[in-house]
Amino acid sequence: MATDSEQLADLVQRKYRHGFVTDIEQDTVPPGLNEDVIRLISSKKGEPEFLTEWRLKAYRHWLTLEEPTWAHVRYSPIDYQAISYYSAPKAPANAPKSLDEVDPKLLETYDKLGIPLHERARLAGVAVDAVFDSVSVATTFKDKLAAAGVIFCSFSDAVKSHPELVRRYLGTVVPYRDNFFATLNSAVFTDGSFVYIPKGVRCPMELSTYFRINAAKTGQFERTLIVADEGSHVSYLEGCTAPMRDENQLHAAVVELVALDNASIKYATVQNWYPGDEQGRGGIYNFVTKRGECRGANSKISWTQVETGSAITWKYPSCVLRGENSVGEFYSVAVANNYQQADTGTKMIHIGRNTRSTIVSKGISAGHGQNAYRGLVKMLPTAHGARNHTQCDSLLLGADCGAHTFPYIESRNPSARVEHEATTSKISADQLFYCRQRGLSEEDAVNMIVNGFCREVFKELPMEFAVEAQNLLNVSLEGAVG
Amino acid sequence: MLTIENLHARVGEREILKGLNLHLPQGEVHAIMGPNGSGKSTLAQVLAGREDYVVTAGRVSFGGQDLLALAPEERARAGIFLAFQYPIEIPGVNNAYLLKAALNAQRQARGETAVDAFEFMKLIKKKMELVNAPKDFLNRSVNQGFSGGEKKRNEILQMLLLEPRLAVLDETDSGLDVDALKVVAHGVNSLRSPDRSMLLVTHYERLLELIVPDRVHVLAGGRIIRSGGPELARELDARGYDWIATEATA
């Protein structure tokens with residue numbers, strides 16, 4: 001097989017495409033974390049009292065916590081006092097009211113990333129919320145969505161315009177005491193997206209949030225909350241990129257989803273944070289807590305993730321299946337190339353009767369990448385007739401990478417059924433030769449085989465993003481096989 | 001079209017081809033026969049450029065080009081097609097996708113425009129009829145879950161689509177029942193033409209009754225030890241290989 005380290009080393013690596021820095025004046029608070037910084041963030045955002053208090057409670061709790069070390073990843077200790085917890089592009093006096101008032105440099109940044117914010121542009125049919133460092137800079141199609149009764153805005157806006165909804169749902173899926181990074185996020189989160197779909201409404205378009213880290217030595221702590229009221233339906237996609245920098249940057253986000261009776265939420269992520277260079281310098285630490293609760297009967301939450309970026313990924317989008325007959329799904333493609341490390345998977349917590357969950361995880365390791373699937377399937381005593389099927393496949397490219405699987409199964413209901421299948425394979429020399437004999441270049445052959453490996457997951461993505469995800473995967477693995 | 005001179009090749013430490021000579025003119029169909037382990041499949045793999053097979057001496061010229069200097073995909077684009085003895089499975093990659101990607105890679109190498117999905121479907125449907133391919137052939141993963149016969153038919157389907165200048169069929173008859181053999185032979189025969197050459201690597205004579213070759217070569221001990229017309233195949237079928245080997249060493 002033509003993948004020994006020698007040949008690997010020869011290969012030209014395509015550079016990360018989103019590594020540029022936008023030169024814009026930023027309002028950044030000095031590094032460090034204490035109660036004053038939290039009060040400052042809260043006051044900059046003009047938050048109501050309850051939220052400031054919530055942040056402080058989280059911060060005080062965080063001080064009592066230890067950083068977790070159980071994940072199959074390695075990194076030098078993070079100095080939380082060296083991070084700046086708030087950075088925003090300086091806006092003229094007031095926040096922009098329409099796209100015309102947004103700094104052209106910002107619009108240009110998103111254009112460069114292929115996410116034009118002008119509503120007439122390419123992503124017609126997809127509403128975008130753009131989050132730049134700590135703040136949301138623009139949300140498109142707000143009016144059209146409002147006509148359908150859908151609320152889609154930045155988290156900060158939601159706090160101001162719909163405080164009752166925020167108060168009712170914030171922290172109900174991921175409590176501020178949840179875990180080290182989620183607790184930190186609860187204390188210092190700056191922005192993110194908020195979605196509310198009212199009863200019986202099928203959201204008329206795809207919603208998407210585009211996260212961009214720009215400033216140096218800052219962390220990004222966004223918080224997203226999506227509530228699908230009874231009988232409603234929404235499909236949401238998030239994308240992420242960051243500049244190339246030699247130092248690591250922390251991204252600790254929280255996403256909470258709530259699906260009430262007969263509601264369904266489809267949440268897709270294409271994560272392409274800067275992964276670091278070929279020597280493993282720099283890159284984003286992506287320590288994220290994502291959880292959805294199927295609170296109502298017959299509700300459904302489906303996570304799809306394509307994780308190609310970040311130096312380290314630590315995330316487990318999960319479903320709490322509380323409502324009867326509710327359904328949880330997790331489809332994942334995770335890539336670890338060069339010195340990337342990924343420890344990712346899901347938790348399916350079955351509480352209600354006849355709840356069902358499906359897990360399809362595809363891990364791809366190349367270079368010196370280390371890829372771990374970690375998943376928990378838990379059947380509580382109340383979960384009569386619950387079912388889970390897990391399929392966990394790993395693909396290795398080259399001899400220096402690793403794939404690891406840590407499935408945990410806890411069943412406390414004898415009528416519940418749990419199935420787990422796992423495979424580990426290599427792209428075989430036979431497969432490559434076969435494709436090349438038909439006239440495909442080696443690179444095209446690898447891409448085709450890897451995409452075939454990921455097919456079950458890609459087909460869960462909205463059409464236009466499935467194509468992007470495939471391209472992204474090809475770029476991420478470029479040069480991974482000789 | 002294809003000229004092989006004094007070809008030596010080894011796998012690992014074992015020398016398998018030991019000075020093989022062969023000339024295959026344009027438009028002709030030649031059969032390579034020989035006992036197990038004589039080097040037939042090695043020859044097919046060496047022609048296609050499989051890296052595990054190391055050429056230690058000799059020359060292969062294909063249409064005036066030094067074949068051995070080309071990468072496998074370059075050989076394919078130059079018009080060499082190998083029908084695999086054991087076709088490879090590629091999970092998740094749909095058969096139509098591979099076929100179209102292969103066709104377009106070859107067309108582009110020749111400076112032709114790529115075919116789009118509609119043109120492709122038109123093209124492939126005609127070829128599918130020739131090999132009795134069921135409709136779902138295109139949407140299934142490449143060779144995955146295919147029966148032995150389906151795999152071989154899929155190879156022939158690829159060949160019909162790619163229209164190579166030189167087709168090398170490596171034991172395409174092995175594992176086929178009589179009916180499947182007829183289908184495969186029909187597909188191959190439909191592709192015979194004055195500007196296309198074929199090399200049939202086979203163990204048994206029965207294929208050569210359906211695809212009648214211009215010449216038959218006997219490969220033993222890594223060399224061609226006898227060549228003749230189609231009647232040689234029948235003689236081999238009746239008498240086996242030992243007598244030739246004995247004569248050759250005598």
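Q: Which residues touch the most other members of the largest nonpolar core?
A: In this predicted model, the largest nonpolar core has 192 residues, and those that touch the most other members are Val195(A), Ala228(A) and Val168(B). As general background, nonpolar side chains in soluble globular proteins tend to be buried together.

Q: Ok, and what does Val195(A) touch?
A: Leaving aside residues up to four places away in sequence, Val195(A) touches Ile151(A), Phe152(A), Leu207(A), Ile226(A), Val227(A), Val234(A) and Tyr236(A).

Q: Staying in chain A, how many residues of strand 18 are buried?
A: Strand 18 of chain A, residues 341-350, has 10 of its 10 residues buried, so it is largely enclosed by the rest of the structure.

Q: Which way do the residues of strand 18 of chain A point?
A: Gln341(A), Asp343(A), Gly345(A), Lys347(A) and Ile349(A) point one way, while Ala342(A), Thr344(A), Thr346(A), Met348(A) and His350(A) point the other way, and all are buried. In a regular strand, side chains alternate between the two faces of the sheet.

Q: And which strands does strand 18 of chain A pair with?
A: Among its partners is strand 20 of chain A, residues 370-379, which pairs with strand 18 of chain A in the parallel sense over 10 bridges, and there Gln341(A) stands opposite Gln370(A). Strand 15 of chain A, residues 312-315, also pairs with strand 18 of chain A in the parallel sense, over four bridges, with Asp343(A) as the bridge partner of Trp314(A). Strand 16 of chain A, residues 318-321, pairs with strand 18 of chain A in the parallel sense over three bridges, and in this case Val320(A) has Ile349(A) as its bridge partner.

Q: Switching to helices, at what angle do helix 3 and helix 8 of chain A pack?
A: Helix 3 of chain A, residues 49-62, and helix 8 of chain A, residues 180-188, pack at about 145 degrees, and their axes are 7 Å apart. The crossing of helix 3 of chain A past helix 8 of chain A is left-handed. Residues making this contact include Trp54(A) and Tyr59(A) from helix 3 of chain A, and Leu184(A) and Ala187(A) from helix 8 of chain A.

Q: Now chain B: in what order do the six strands of the open sheet come?
A: The order in chain B is 6-9-10-3-11-12, and the pairing is mixed. At the edges are strand 6 (80-83) and strand 12 (223-228) of chain B, each of which pairs on one side only.

Q: What lies across that sheet?
A: Helix 1 of chain B, residues 40-48, lies across strands 3, 6, 9, 10 and 11 of chain B, and runs at about 145 degrees to strand 9 of chain B. Helix 5 of chain B, residues 148-162, also packs on the sheet, where it touches strand 6 and strand 9 of chain B.

Q: Last one: how many residues does each chain bring to the contact between chain A and chain B?
A: Chain B brings 22 residues and chain A brings 17 residues. On the chain B side, helix 3 of chain B gives the most, with six residues.

Terms used
Residues are numbered from 1 along each chain as its sequence is written. Chains are lettered from A and ligands numbered from 1 in the order in which they are written. This is a predicted model: local features need pLDDT of at least 70, side-chain atom pairs count only at pLDDT 80 or more; totals for chains, interfaces and linings use all residues. Two residues are in contact if their C-beta atoms, placed from the backbone, lie within 7 Å. Helices (H or I, at least four residues) and strands (E, at least two) are DSSP runs, numbered from the N terminus. Axes are lines fitted to C-alpha atoms, for helices over the stretch in contact, and angles run from 0 to 180 degrees between N-to-C directions. A crossing is left-handed if the near helix is turned anticlockwise from the far one by less than a right angle, and right-handed if clockwise. Two strands pair if DSSP finds at least two bridges between them. A nonpolar core is a set of buried Ala, Val, Leu, Ile, Met, Phe, Trp, Tyr and Cys residues joined through C-beta atoms within 7 Å. A residue is buried if 20 or more other C-beta atoms lie within 10 Å of its own, exposed if 12 or fewer, and partly exposed in between; C-beta atoms are placed from the backbone.
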